[in-house]
Each structure stands twice: as structure tokens, then as C-alpha cells.
Amino acid sequence: MPGTLDRPSPAVTVDFAARLPRHRRSAGVARRLLRTFLAGLDGAEQLLEMGELLVGELVANAVEHARGPSGRLVEVRYAVSAGRLRIEVHDAGNELPEVREPAPEDESGRGLWLVRELASAWGCCPREGGAGKCVWAVVGPVAPAGGGHPGRASTDLPGQVATGQEAVA
């Protein structure tokens, strides 16, 4: 890449990826990695709280529900562009996630409901070049996509494709 930047501006796409074990502690690790990733970016503090919540829920879902061969890892990816954070969680499971409407007395089952309600956009798509899926969420201001509908979140960060099922809050 020509030249270097000490602190990338929010308009520059920055990528980060890490592989984590399918373990209940991985959600906390993913949150710490996100904090570290965003700490070096000007203006990214506005993305932190919501980003931590969403990545924690997505990783917890991947650990709990993704069925795949033993020993498979969960991968988290973060990208920031134009003041928006895209979170991706890749797992080896092929089953698509479903949003449930839990009863008030249910002790679990609210993860994807929270993602649907709080993310600017979210969705799921097959993993490129492999088994499994990618569940993604976008944190940031709601902005019309090129030619899109006003109020609909723009999800197309450079190098990313918003395919599969999509829910917009």
C-alpha cells in the first residue's frame, strides 16, 4: 500500500480479522479485540458501545448454535469506513440464524432480536469459498445507499457485499 497513515480517518476502510475457538469465552475476547481495534481510530468511540454489544451477541450465537466439525474456529472481522463499523462473524454451520420473539420469562433467545433492533443493518450470507456462513451487522448512522431508500442503512463497505437475508431496524 503506498504511504502510511499514523491514524486512519473514518473515511478510510480499516480491516481486522481474528480466529477464536468455539468457546463461551470467545464473545468476551471478541469484545476486547474490538475495543483494541477501535482505540486507534479517530472518532470510533461512538461505535464502541453498540459494536461491543453486537459482536458479543453474534459470537455467542456462533458458539452456541453453529453445528460443524469439532475443532472448527469462529472468525471475527471488523471494517470501518465512512464512520460505520461492519462486524462479521464466520462459522462452519450452514443453518441460517432465525430471529425469535422470546416470551418475557424466557432466559435466553434475545441475541438476534437485539441485533435486528439495534444494528443499522444486519444479514447472513454463505461464506465465500467454504462451508458455513457469515452473519454481519453494521453500526453507524443510517444513510441512504446510492439510489436507495431514505432511512435504509447503507451496508456496502468497500470489498463487502450485502447478500442473503437482510433485516434493517
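**Cysteines and core**

A: Let's start with Cys125, which counts as buried because its relative accessibility is 10% (buried means under 20% relative accessible area, exposed over 50%, partly exposed in between, with a 1.4 Å probe and protein chains only). This is a predicted model, so local features need pLDDT of at least 70 and side-chain atom pairs pLDDT 80 or more, while totals for chains, interfaces and linings use all residues. Numbering runs from 1 along each chain as its sequence is written, and side-chain values use heavy atoms, with hydrogens and water left out.

Cys124 is buried too, at 2%. Its sulfur sits 6.3 Å from the closest cysteine sulfur, that of Cys125, so a bond is out of reach. Cys125 is in no disulfide either: the nearest cysteine sulfur, in Cys134, is 4.5 Å away. With a disulfide taken as a pair of cysteine sulfur atoms within 2.5 Å, the count is zero.

Now the core, meaning buried Ala, Val, Leu, Ile, Met, Phe, Trp, Tyr and Cys residues joined through side-chain atoms within 4.5 Å. The largest one has 31 residues, and Leu38, Val76, Tyr78, Leu85 and Ile87 touch the most other members. Elements supplying at least two residues each include strand E1 (14-21), helix H1 (26-39) and strand E5 (133-139); H2 gives the most, seven. (Helices, H or I of at least four residues, and strands, E of at least two, are DSSP runs numbered from the N terminus.) Apart from this core lies another, of five residues, among them Ala121, Cys125, Trp136 and Val138.
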